[in-house]
Amino acid sequence: MAGEPLPKYRYNQLSKARRTIRLLQILSGPGEPALCSLQEVDLSGKLPDSPPYRYHCLSYTWGDPLDQCLSSPANYRNMSSERDRYIHNIDGSAISVTENLIDALQQLSRNQHSSLQAGCRSVEELRPYWWIDAICINQEDIEERNNQVRMINKIYQGAQSVLIWLGKEDEHTEGALKVLNSLARVSSTLVKSQDGFRTFNTDSNQILTALKELRDDLGIHDVKLYDFLHYAAFLQRKWFSRIWVLQESFFSAATVVFCGYHEISWQAIQKSSRVLVQTRMDVLLKANASYAIQDSVDVDIVKLPSNRLSNQMIFGKLQRDSAEVLSLGQLLYYSRYFDATDPRDKVFAILGMWDFPRHSHEKTGRISISPDYKKKTATVYVEATTAAIQESRSLDTLSFVDGSTAKEYGLPSWVPNYSQGPEMYPLIQPSALILIPMANFEVPSRSKALDLPVQGFEVDEVEQTGPTYGKIMNEFMLQPLLQLLLTYSQRPYPSGESRCEAFCRTVIKDTFRERPAGVEALTAFPAFIMQRVREIMDQIANLEAYEPHQAEALEEVLQLTERTIFELSSRYSEEKVIPTLQRMEEMIETEEEEGSPAEQELEADRKDIEEAFRIAYFGRRLFRTVKGFFGITTQSVMNGDKVWILAGARLPFVLRTRTVNDERWEFIGETYVRGIMDGEATVDETPLKRICLV
């Protein structure tokens, strides 16, 4: 059928005065070329001649539904996302659609045929009405698209059910469903017993061992280890990462899921995803899938918060009947985990959930946002961020900025780039208090302004910065990190605690094993230093035979690192946070006693402190201020940047001046500064200065 010269279907203009939509009936049978009819329906039910409008919605992806990365060469087939297929309308015209939609329509035809065989007698059961965006909206009419997108929440609310089409079955489907159904049957009590801080060795030769242990702990012995790879491939189907599915599943009264011929329980998908996240199996699955594709894997990238394999957990958090009010800031945070072909849809696709009329009295006076595809991406993101600030009466949304916002779409520095997935874990804690009383916070009133007026006060200035996470973990640059502690003057730390302890707690944002860091974090920190030194030694041994010059250069790095460790361990000998060289040698020897109780205890400490460091430090770097505070912030920070506390913020921010008179500032990012996170720097008499973020 592709490429046939068929007369193009001509859409009539829908009424703007009423809530009018088009509904589709499928008239063809299974295996036949798709034949349909389109009818206009008034959702308000006010037109006396309106046909019955009990209908269903189809949720699907326009393009290839498969990720294909894990497909075997024999089964790999790239499906086009172009609308190069056609369905026939009953009037003899044709509507262009994508190949995946043709497959979905075939499944709907099979379902109708099954209803006929089951003896269904009503027309609605035999040939139900469907709302399918690609067909029922004139995609070439931007004004109609805008109006229909504004109504999508009403359209899905009014549907009898939503059918989710994940695409045709493939080589992974059978094994994946075995894992999914097994996880869904795991009792919540057993999951809770596994819930808690857990670190895995994600080295290629240890992943299957970790999966086997977790499988046995959960009691799903019928699952084979290779089935987990099938499950990962299943979860990487494009539907699970599509931004619009959040709203579609949110408003669905009943949900049916099809993967080819297989009907899947939506509840089973949600239950299995809960197990996946709570046991951290999602990290193992992503690492396992990554190694199946390539020999070398950046494990830190695997562990980023934007793990598509666990996206379904977000569906569980977004329930229409939940008592929790969904704020725009929350929805914008969730939207970053999903994909959108059009970056504006990262905002437009969540507006229906934000407008859900449970607490309409809370919306009075707030900034209004409507889908409008005539607007530029930057305009949409500015409006959404301003509205989120206005609604929350806080600057929490600014924490989404990762330091690279302005590089794309011409965004102001304070507006997050919602098109990008989160690459850093947030520094802000849900229980954190506003640092400056809310009485001093001025809610922005203009939704389209590129400048954000704020008020606050400057706390300090960045004097020296340390290396990035990648430099420390991959390029043997532990010494430049320790240098910030070594060159600290002999004055006391501003908060009164030990300089060494402040340093250690800062680089892990005072969090260890998902709890406020206690003495056990300081006890584990020497293992972090030992491992970095051990990696330098191992690399020198590897290079000596065939790259002697590189080995010599690295030997100098080792000597400088050991000299720094020696000086610090002598200076802070009572605290034992920085190990002596002798203690490091002992730990390295213990590491080589594989399987011994001492080695297992040391290994557990090392993994946990490295995980705490990764969560806090990835995408960031350490800095020291003029007053002597340690802090971490986005790695784009520079010497001379200023630490500010702003009204409406629950943590400090790093800003960079843009003008001589210090009235206009560039927003760099949120920051953890040891010693001022609980309001210590805030004094009632401190005068607040008005500035603009640009």
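The model is predicted, so local features need pLDDT of at least 70 and side-chain atom pairs pLDDT 80 or more, while totals for chains, interfaces and linings use all residues. Residues are numbered from 1 along each chain as its sequence is written, and side-chain values use heavy atoms, leaving out hydrogens and water.

Select Cys-36. The whole structure has zero disulfides (pairs of cysteine sulfur atoms within 2.5 Å). For Cys-36, the nearest cysteine sulfur belongs to Cys-136, 8.6 Å away. Cys-36 is buried, at 3% relative accessible area; buried means under 20%, exposed over 50% and partly exposed in between, with a 1.4 Å probe and protein chains only.

Next, select Trp-131 and Leu-693. These two have the most contacts inside the largest nonpolar core, which has 207 residues. Such a core is a set of buried Ala, Val, Leu, Ile, Met, Phe, Trp, Tyr and Cys residues joined through side-chain atoms within 4.5 Å.

Stay on Leu-693 and show its contacts (heavy atoms within 4.5 Å). Not counting residues up to four places away in sequence, Leu-693 touches residues including Leu-398, Trp-414, Asp-451 and Phe-667.

Last, select Phe-441, Glu-442, Pro-453, Val-454 and Gln-455. Of the 11 residues lining the largest cavity, these are the closest to its centre. A cavity is a set of points on a 1 Å grid over the protein atoms alone where a 1.4 Å probe fits but cannot get out; lining residues have an atom within 4 Å of a point. Val-454 is also among the residues that Leu-693 touches.

Key. On a 1 Å grid over the protein atoms alone, a cavity is a set of points where a 1.4 Å probe fits but cannot get out, and a pocket is an open set with protein on both sides within 12 Å along at least five of seven lines; lining residues have an atom within 4 Å of a point.
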